[in-house]
Amino acid sequence: MLLRFKSSWELQESAATPESVFMDRRRLVKAMSIAPFLGIGTTLPYGKANAVMADPTKRFYPANRNPRYRLDRSLNTEKDVTTHNNFYEFGSHKFIAKEAQKLRTRPWTVTLDGMVEKTIVIDIDKLILKMQLEERLYRFRCVEAWSMALPWTGFPMADLVKFASPLKGAKYVIMETFHDPDVAKGQKQFWYPWPYREGLTIEEATNELTLIGTGAYGKPMVKQMGAPLRLVVPWKYGFKSIKSIVRFTFTDQRPVSFWEKVQGQEYGFWANVNPAVPHARWPQDTERVLGGGGRRVKTLLYNGYEEQVAQLYRNLKGENLFF
Ligand code: MTE
């Protein structure tokens, strides 16, 4: 984010990661049952263990690609995507990859609470085991007008919502990043409303496109991209895709998200991509492709996902849907 308080497509197959191996879930269950030292099954908070813990989900990668989600452009290289990141917890610039390695992602506990039948507190590896991982090729468009295309691995957020069993009156889901200023020095910057929070309507969260990302490029998620799990909503500006999530809270009240609190005139709740609606300080009609030597391409309405998501917004009147 430039802040500082002024501060259905085709892909070049050559650019894609290889098809996956069969997911050996039984072996993972076995590994988990014999590995209490991994902290699995406990409700330790995220990343607080001293020991360096293994990621027992590694064997699920690469996951089978879902052929429904294809692209009209080449994928970015893994290097493009893992060396240019926004993760303010580790610095307010793009080169936080090294600093982000301080984040411990095992053990990691995820809480599902609020308007749900019963609060669930679950270890990340147990959660992943309950879900079916798949690979999808998606575009990604940052509000700062840069973009990329990459293979995510994850599971539909609709499956997480189902698992959470929200009450009938729940209308939104709020997501929250870890909060640990000792590890993430950016969280010592008191002028930001930590922890990072984002929200979606239940209809958005259960849209077919909405993924909970657990990996990219056929591997578990790297820390700078928001390990061990992040949101992926490709029709929205990138700041909606919250990283390193520890909590999903169901509510009937529309939440105010991190950037909305910081600069509500520029960053709103909906943040759907629209080339015709400029940001308060720059146009949004084109985007710079990461790794493209400055190459710009036209930005598409809903980042090219109009067919899948436009109906979510048809009956919403008087809302600022595009920032
Ligand atoms: N999540 C957290 N917790 N902290 C952040 O600073 N930045 C957001 C989003 N998720 C951010 C975050 C922004 S502004 C963008 S553009 C994307 O992450 C960047 O994702 P990437 O680094 O994988 O490209």
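The model is predicted, so local features need pLDDT of at least 70 and side-chain atom pairs count only at pLDDT 80 or more, while totals for chains, interfaces and linings use all residues. Residues are numbered from 1 along each chain as its sequence is written, and side-chain values use heavy atoms, with hydrogens and water left out.

**Stop 1: the ligand**

Select the ligand. Around the ligand are 19 residues, of which Y88, E89, R230, S241 and K243 come nearest; a residue is near a molecule if one of its heavy atoms lies within 4 Å of it.

Now show the polar contacts (pairs of N or O atoms within 3.5 Å; within protein, one must be able to donate a hydrogen and the other to accept it, and residues adjacent in sequence count only if both atoms are side-chain atoms). Select N85: a polar atom of its side chain lies 3.0 Å from a ligand oxygen. At N86, a polar backbone atom is 3.2 Å from an oxygen atom of the ligand. At S241, a polar backbone atom is 2.9 Å from a ligand nitrogen.

How much of the ligand does the protein bury? Taken alone, the ligand exposes 530 Å², and the protein buries 100% of that. These areas come from the Shrake-Rupley method with a 1.4 Å probe; for residues, only the protein chains shown count as cover.

**Stop 2: salt bridges**

The structure holds 17 salt bridges (a side-chain nitrogen of Lys or Arg within 4 Å of a carboxyl oxygen of Asp or Glu). Helices (H or I, at least four residues) and strands (E, at least two) are DSSP runs, numbered from the N terminus.

Select R68 and E208. Their closest N and O atoms are 2.8 Å apart. R68 lies in the loop between α1 (25-33) and α2 (78-82), and E208 in the loop between α6 (202-205) and β7 (211-216), so this pair ties together parts that are 140 residues apart in sequence. R68 is exposed, with a relative accessible area of 51%, and E208 is partly exposed at 31%. Here buried means under 20% relative accessible area, exposed over 50%, and partly exposed in between (1.4 Å probe, protein chains only).

Next, select R197 and E176, a salt bridge with closest N and O atoms 3.1 Å apart. R197 is in strand β6 (residues 197-201) and E176 in strand β5 (residues 172-177), so the pair ties together parts 21 residues apart in sequence. Relative accessibility is 25% for R197, which is partly exposed, and 17% for E176, which is buried.

Then select E198 and K240, where the closest N and O atoms are 2.7 Å apart. E198 lies in strand β6 and K240 in the loop between β9 (230-232) and β10 (245-251), so the pair ties together parts 42 residues apart in sequence. Are these residues buried or exposed? E198 is buried at 1% relative accessible area, and K240 is buried at 0%.

Finally, select D55, R106 and D125, which salt bridges with shared partners join into one network.

**Stop 3: D123**

Select D123, in strand β2 (residues 120-123). D123 is buried, at 4% relative accessibility. Its side chain reaches the backbone nitrogen of D125 at 2.9 Å.
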